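Open the model in your viewer and keep the selection tool ready. We will go from stop to stop, selecting a few residues each time.

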Amino acid sequence: MPFCRRLPRSLDGVAAGGLYEGLLRDVILRMKHRSSIPLSQAMAQVFASRLGQTVAAWQPSFLVPVPMHWCRRWIRGINSPEILAQRLGNALAVPVRQRLVVRARHTRLQTELSPTARKTNIQEAFRLRDAPKAVQGARIILVDDVLTTGATCGELAKLLKQAGASAVWAAVLARTPPRGSL
């Protein structure tokens with residue numbers, strides 16, 4: 001279920017497994033806790049089967065899960081985008097570069113912020129951990145659990161394109177419904 005509603009210019013496209021509402025929303029919120037690793041693994045299988053063909057058509061060089069700041073990772077004990085990326089990478093035989101990008105500074109939770117504040121909050125929050133040479137000409141797919149405004153994936157895409165990526169897409173488990181659809 002691809003969506004293309006006011007994406008950041010740095011993103012070449014988005015594929016979403018469903019809408020962030022109802023049962024899918026509840027499942028994703030539960031996936032954010034260490035005790036739900038089996039749930040995350042099961043949802044990763046659904047994610048790979050729902051989006052596999054779309055993502056394969058983009059002919060990615062590799063997948064990059066949206067990184068979590070080490071402090072938040074320590075508290076939660078899980079970063080579900082990593083589990084989603086691993087399963088999708090295995091299904092497509094595409095490498096996953098978990099450590100290519102790091103969250104260089106701790107940011108407020110995006111869910112606490114307005115759309116405008118989200119963009120400001122995430123600016124310059126990421127940095128490349130590997131040499132930019134690893135990104136030159138690459139076709140990269142960012143993997144995340146939810147895409148709302150696109151601020152996080154947009155900021156990552158901007159960083160990767162500045163480092164030489166030829167294209168950057170986002171594959172997400174869910175996307176917020178378009179305005180006025182509820």
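**Stop 1: two packed helices**

Select residues 37–57, which form helix H2, and residues 80–92, which form helix H4. This is a predicted model, so treat each stop as part of a prediction. How are H2 and H4 oriented to each other? Two packed helices are described by the angle between their axes and the distance between the axes. Here the angle is about 50°, and the axes lie 8 Å apart. Angles under 35 degrees would count as roughly parallel, and 65 to 115 as roughly perpendicular. H2 and H4 are therefore oblique to each other. Their crossing is right-handed.

Now show the side chains where the helices meet. On the H2 side, pick residues including Ile 37, Ser 40, Met 43, Ala 44, Phe 47 and Val 55. On the H4 side, pick residues including Ser 80, Ile 83, Leu 84, Arg 87 and Leu 88. What kinds of residue make up the contact of H2 with H4? It has 12 nonpolar residues, five polar ones and one charged one.

**Stop 2: two residues of H2**

Select Ser 40, which sits in helix H2. Is Ser 40 buried or exposed? Its relative accessible area is 0%, so Ser 40 is buried. Set aside the neighbours within four places in sequence, and Ser 40 is in contact with Met 31, Ile 78, Ser 80 and Ile 83. Ser 80 and Ile 83 also belong to the H4 side of the helix contact.

Move along H2 to Gln 45. Gln 45 has 39% relative accessibility, so it counts as partly exposed. Gln 45 is also among the H2 residues that meet H4. Gln 45 and Ile 83 are 38 residues apart along the chain, and their C-alpha atoms are separated by 9.6 Å.

**Stop 3: strand E6**

Select residues 139–147, which make up strand E6. How many of the nine residues of E6 are buried? Eight of them are, so E6 is largely enclosed by the rest of the structure.

Look at the strands that pair with E6. Strand E3, residues 62–65, pairs with E6 in the parallel sense over four bridges. Next, find strand E7, residues 167–175. E6 and E7 run parallel and are joined by eight bridges. Arg 139 has Ala 167 of E7 as its bridge partner. Further along, Val 146 is partnered by Ala 174 of E7.

**Stop 4: Asp 145**

Stay in E6 and select Asp 145. Asp 145 is buried, because its relative accessible area is 5%, and buried means under 20%. Which residues does Asp 145 touch, not counting those up to four places away in sequence? They are Ile 28, Lys 32, Ser 80, Pro 81, Leu 84, Val 172, Leu 173 and Ala 174. Two of these, Ser 80 and Leu 84, are residues of H4 that meet H2.

Leu 29 is partly exposed, with a relative accessible area of 33%. Leu 29 and Asp 145 are 116 residues apart in sequence, but 9.5 Å apart in space, C-alpha to C-alpha.

**Stop 5: strand E7**

Select E7 again. Nine of its nine residues are buried. Strand E2, residues 14–16, pairs with E7 in the parallel sense over three bridges. Select Ala 16 and look across to Val 172 in E7, which it stands opposite.

**Stop 6: Phe 126**

Go to strand E5, residues 126–128, and select Phe 126. Phe 126 is buried, with a relative accessible area of 8%. Beyond residues up to four places away in sequence, Phe 126 touches residues including Pro 67, Val 101, Arg 103, Thr 152 and Leu 159. Leu 160 is 34 residues from Phe 126 along the chain, and their C-alpha atoms are separated by 10.0 Å.

**Last stop: the whole chain**

Zoom out and colour by secondary structure. The chain has six helices and seven strands. From the N terminus, they run β-β-α-α-β-α-α-β-α-β-β-α-β. Of its 182 residues, 51% count as buried. Among contacts with a separation of 6 or more, 78% are between residues 24 or more positions apart.

How values were computed:
Residues are numbered from 1 along each chain as its sequence is written. This is a predicted model: local features need pLDDT of at least 70, side-chain atom pairs count only at pLDDT 80 or more; totals for chains, interfaces and linings use all residues. Side-chain values use heavy atoms; hydrogens and water are left out. Axes are lines fitted to C-alpha atoms, for helices over the stretch in contact, and angles run from 0 to 180 degrees between N-to-C directions. Angles under 35 degrees count as roughly parallel, over 145 as roughly antiparallel, 65 to 115 as roughly perpendicular and the rest as oblique. A crossing is left-handed if the near helix is turned anticlockwise from the far one by less than a right angle, and right-handed if clockwise. Contact means heavy atoms within 4.5 Å. Ala, Val, Leu, Ile, Met, Phe, Trp, Tyr, Cys and Pro count as nonpolar, Asp, Glu, Lys and Arg as charged, and the others, Gly among them, as polar. Buried means under 20% relative accessible area, exposed over 50%, partly exposed in between (1.4 Å probe, protein chains only). Two strands pair if DSSP finds at least two bridges between them.
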